[in-house]
Amino acid sequence: CDLQGLWRNELGSNMTVLATNTAGTFSGSYHTAVAATNKQILVSPLQGAQQHPGAKRQPTFGFTVQWQFSDSTTAFVGQCFVDHHGKETLETTWLLREEVLSHKDTWKATRVGTSTFTRIK
Ligand code: BTN
């Protein structure tokens, strides 16, 4: 699996992952199709790391997105899989933490979900 490329998930969000370096870290950008806020969506930077860079494996990885239009942060973890036709998918689980005014509101501050990305380029 190669994480580098352009990916789309089931929500219609697009993500560009740049080349992973030899240490396994990578950066990129995330254009979400949906948001929990009413603000205008902006393309936002992501920073991540994968296991076993350069190896022909199905690596686990994680990345965070620092949203440029909201106070929230999302962390994704997942694994890249390749099927028998060579088709790659990223199967992920994410946590979205929103900023709340008081720690008393922490109970409602985190959303969780799963997301599958397929390569579009
Ligand atoms: C926000 O609403 O505060 C920032 C945008 C969050 C978008 C979320 S991250 C998890 C899920 N998957 C996506 O592609 N978009 C939403």
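Is Thr89 buried or exposed? I started my notebook with that question. The model is a predicted one, and I kept that in mind throughout.

**Entry 1: Thr89**

I looked up the accessibility of Thr89. Its relative accessible area is 16%. Buried means under 20%, so Thr89 counts as buried. Next I checked where Thr89 belongs. I found Thr89 in strand β7, which covers residues 88-97. Then I listed what Thr89 touches, setting aside residues up to four places away in sequence. Trp7 is one of its contacts. Gln79, Cys80 and Phe81 also touch Thr89. Thr116, Phe117 and Thr118 complete the list.

**Entry 2: the ligand**

I turned to the ligand. Where does the ligand sit? I found the ligand in the largest pocket. I then asked which residues come nearest to the ligand. There are 15 residues around the ligand, and the nearest are Ser13, Tyr30, Thr32, Ala36 and Ser70.

I went on to polar atoms. Ser13 has a polar side-chain atom 2.7 Å from an oxygen atom of the ligand. For Ala36, the polar atom is in the backbone, and it lies 2.7 Å from a ligand oxygen atom. Ser72 places a polar side-chain atom 3.4 Å from an oxygen atom of the ligand. On its own, the ligand has 410 Å² of accessible area, and the protein covers 97% of that.

**Entry 3: Ala35**

I moved to Ala35. Where does Ala35 lie? I placed Ala35 in the loop between β3 (25-31) and β4 (44-50). Its relative accessibility is 37%, so I wrote Ala35 down as partly exposed. Leaving out neighbours within four places in sequence, I found Ala35 in contact with Ile41 and Phe69. I also checked Ala35 against Ser70, which is 35 residues away along the chain. Their C-alpha atoms are separated by 9.0 Å. Ser70 was already in my notes, as one of the residues that come nearest to the ligand.

**Entry 4: His52**

My last stop was His52. I found His52 in the loop between β4 and β5 (60-66). How does His52 count at 36% relative accessibility? I recorded His52 as partly exposed. Then I compared His52 with Thr25. The two are 27 residues apart in sequence. In space, I read 11 Å from C-alpha to C-alpha.

**Recap**

- Thr89 is buried, in strand β7.
- The ligand is in the largest pocket.
- Ala35 is partly exposed.
- His52 is partly exposed.

How values were computed
Residues are numbered from 1 along each chain as its sequence is written. This is a predicted model: local features need pLDDT of at least 70, side-chain atom pairs count only at pLDDT 80 or more; totals for chains, interfaces and linings use all residues. Side-chain values use heavy atoms; hydrogens and water are left out. Helices (H or I, at least four residues) and strands (E, at least two) are DSSP runs, numbered from the N terminus. Buried means under 20% relative accessible area, exposed over 50%, partly exposed in between (1.4 Å probe, protein chains only). Contact means heavy atoms within 4.5 Å. A residue is near a molecule or strand if one of its heavy atoms lies within 4 Å of it. A polar contact is a pair of N or O atoms within 3.5 Å; within protein, one must be able to donate a hydrogen and the other to accept it, and residues adjacent in sequence count only if both atoms are side-chain atoms. Accessible areas come from the Shrake-Rupley method with a 1.4 Å probe; for residues, only the protein chains shown count as cover. On a 1 Å grid over the protein atoms alone, a cavity is a set of points where a 1.4 Å probe fits but cannot get out, and a pocket is an open set with protein on both sides within 12 Å along at least five of seven lines; lining residues have an atom within 4 Å of a point. A molecule sits in a cavity or pocket if more than half of its atoms lie within 2 Å of its grid points.
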